[in-house]
Amino acid sequence: MMADNLHTALGKMLDAYDTRRSVDVAREKKAKDDDALFLASFSELRRKVVRPVFEQAGAMLVERGHAFEIWEADFAADAAGKVREAGISLHIAPAGMPAPLHAGDHERSLSITTRHYNKTVWVSGGRALDSGGIAGAKGAYPLERVNQQLIEEEVVRLVGAVMGG
């Protein structure tokens, strides 16, 4: 009977579609879960490791008459899909040096920023500090490689570059 053939054929196709769709939904959920875990891990790193190192260095700078600022941002995506990565930056204002020409003076800052699309952390010091090296392209590190020692080394490099040492 034709109705049985139709029912069987369509049933097989719809079953196959349902299987593919459930695999797609599971993959999308895993990707979202992985993104959320990465961003939460970065937030914890920022709070427990990076900020304390920045604050300690800033206190030492202030003791010597310099100024500093720490800027932080959480990950955000707007309705149009424009992304703002999570990050934290240390900006140094050395005593006796003219103020930077623009607020985003990268020559006097160190930024630790997510690259959520490939689950890496970008470590970027001002132009005087060539990013990359052992980190690879553009200073990208796996999250687990960003630790207190690395941050301290990068802060020392930044202060040396800014203070001309």
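How many salt bridges does the structure hold? The structure holds 10 salt bridges, a salt bridge being defined as a side-chain nitrogen of Lys or Arg within 4 Å of a carboxyl oxygen of Asp or Glu. The model is predicted, so that local features need pLDDT of at least 70 and side-chain atom pairs count only at pLDDT 80 or more, whereas totals for chains, interfaces and linings use all residues. Residues are numbered from 1 along each chain as its sequence is written, and side-chain values use heavy atoms, with hydrogens and water left out.

Asp33 is located in helix α1, which spans residues 2-63; helices (H or I, at least four residues) and strands (E, at least two) are taken as DSSP runs and numbered from the N terminus. Lys29 forms a salt bridge with Asp33, with 2.8 Å between the closest N and O atoms. The side chains of Asp33 and Lys29 also make a polar contact at 2.8 Å. A polar contact is a pair of N or O atoms within 3.5 Å; within protein, one atom must be able to donate a hydrogen and the other to accept it, and residues adjacent in sequence count only if both atoms are side-chain atoms. Lys29 and Asp33 are separated by about one helical turn, because they are 4 residues apart in helix α1. Asp33 is partly exposed, with a relative accessible area of 39%, and Lys29 is exposed at 51%. In these terms, buried denotes under 20% relative accessible area, exposed over 50%, and partly exposed the range in between (1.4 Å probe, protein chains only).

Asp24 and Arg27 lie 3 residues apart, about one turn of the helix. Asp24 counts as partly exposed because its relative accessibility is 28%, whereas Arg27, at 51%, counts as exposed.

The side chains of Arg51 and Glu55 likewise meet in a salt bridge, at 2.9 Å from N to O. These residues are 4 positions apart in helix α1 and are therefore separated by about one helical turn. Arg51 is partly exposed, with a relative accessible area of 26%, and Glu55 is partly exposed at 37%. Arg51 and Glu55 also belong to a network of salt bridges that links them with Arg46, Glu72 and Asp74.
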